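Reader: Could you walk me through this one before I set anything up? I'd like to begin with the overall picture and then go into details.

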Amino acid sequence: MAFSAIRRHLVRYLPPGTLRARVASGATWVLLGMGASQVVAALSSIVIARVLGKETFGEFGMVRNTIMMLGVLAGLGLGLTTNKFVAQFRDSDPPRASRVLGLTLTLGVISGTLVSAGVALAADYLALQTLNAAHLAPYIRICAPLLLMSVVNGVQMAAISGLEQFRVLAWLTAVTVLTVAVASAVGAWGWGIQGALCGTVLGAFVNVLVLEAVGAPLRRMRSVPVAFRGIWQERGIIFSFAVPSMFSGLMVGPITWAALRLLFIRPDGPGQTALFNAATQIRALALFVPGAIAQVVMPMFSNLQAGVDAGRYQRAVRLSSLACLAAGLAVALPLIIASPQIMGLFGPGFSGGWVVLCLLCLAAVLQATNTVIGEALAALNKMWWGFLLNCLWAAEFLAASWLLVRHGATGLGWAYLISYVLHTIQVWVFVLFAIRRHPEWRVAPVRVPVTSGEWA
């Protein structure tokens, strides 16, 4: 009886075929997958931190962060490019969507291979000159293959997202994170930091195989198989979309790494880095709901733009913005309240980092409010505007980090919060004034729906 009543209410407020139903269905599945993956990743980090200890866990995190930073260069913005153009052309021009997928996969394999080889060869230089820790060189070399696998993994996942196969994506997200988490935790338990890093690489390799085994039949079913013939005729999207997407990424990942390096090279750097990495892992929980919404709305925005449906496009942006803000607050506030207890789970010496977690969670709420605007700009192929906004954030974050890092992980947490306060102001000034001059970009004013058909 109760189930029937719930179902009637859902049908009433989420009529099939409306934007609300489309967002709710996709976000629910992605949310389940990302939620499970974030919990698993957090538990894995707690296990690894307890096994390795505070200082070694800081080194483990810095090595992984270095590889993730270099992954932005290897990725070339290909994941976002795949997502957008597969979604845009999957209905109107499936052969073109197949060529785009073939182009991004080919470039990803070439780029990932070259950057992986370069990192392996330059591991000694990276460890000594950038991290001031020559003993980390073997660990950087172990992780070098992650660059290739992360690029291929990103294109594979983006293709599934572009097809709006969110139920499958939810399961794959959970499975891939679980694979890496278990492999790295088992490796840490048996062989320390070296085992943890080897487990991470092994888990990533298994995930590439799993994603191809699941993704290939889905692509064929939607008439979007990987096509390599004629891919060069799609090269225009690389220079108009992928390149600014990569530059935008360079203003986030590498800049974050540069600030973290300022913390790591301090006399007490590894311990402070461990606190910051632990808080960052928990902070991700405050972003996984907005992240799930963003993952759903990106292909939806692109698909609506392809259909030249400006009204539905604007309503989708409005609904998604409100949802991201509410979701960020709903998760961040409990994390802030329980921050001392949560940080204490990582082991001795971590509970004092509760202030860092509070600052990062507040910054995450602000970041969540800006997520949809970035996706909307990507769907409109206005990536250079996104790059300029990210440049402003990068300059502000680095300046704040330089001034405040002497206060350790807490100072870096304040730098995050200050930079996102400024970034939020800049993004919404851009929305309210700059975009107003371009009607095709315009985001409708936010207002609360008053009828069941508001978002239809």
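Reader: What does the secondary structure of the chain come to?
Author: In this predicted model, the secondary structure of the chain comes to 17 helices and zero strands.

Reader: And how many of the residues count as buried?
Author: Of the 456 residues in the chain, 55% count as buried. The chain exposes about 19,200 Å², and carbon and sulfur atoms supply 70% of that area. If you take the contacts between residues at least 6 apart in sequence, 83% of them join residues at least 24 apart.

Reader: Turning to helix packing, how do α3 and α5 cross?
Author: The axes of helix α3, residues 54-75, and helix α5, residues 94-121, come within 9 Å and cross at roughly 140°, which means that α3 is oblique to α5. The crossing of these two helices is right-handed.

Reader: Which residues meet there?
Author: From α3 there are Ile67, Leu70, Leu73 and Ala74, and they meet Ser111, Gly112, Val115 and Val119 in α5. By type, the residues of this contact divide into six nonpolar and two polar, with no charged ones.

Reader: What does Gln272 touch, leaving out residues up to four places away in sequence?
Author: With those left out, Gln272 touches Leu263, Gly408 and Ala409. As for Leu260, that residue is 12 residues from Gln272 in sequence, and the two are 9.7 Å apart in space, C-alpha to C-alpha.

Technical notes. Residues numbered from 1 in each chain as written. Predicted model: local features only at pLDDT ≥ 70, side-chain atom pairs only at ≥ 80, totals over all residues. Heavy atoms only, no water. Axes fitted to C-alpha atoms, helices over the stretch in contact; angles between N-to-C directions. Helix = DSSP H or I, 4+ residues; strand = E, 2+ residues; numbered from the N terminus. Parallel < 35°, antiparallel > 145°, perpendicular 65-115°, else oblique. Left-handed = near helix turned anticlockwise from the far one by under 90°. Contact = heavy atoms within 4.5 Å. Nonpolar A, V, L, I, M, F, W, Y, C, P; charged D, E, K, R; others polar. Buried < 20%, exposed > 50% of the residue type's maximum accessible area, 1.4 Å probe, protein only. Areas by Shrake-Rupley, 256 points an atom, 1.4 Å probe, with all protein chains shown as cover.
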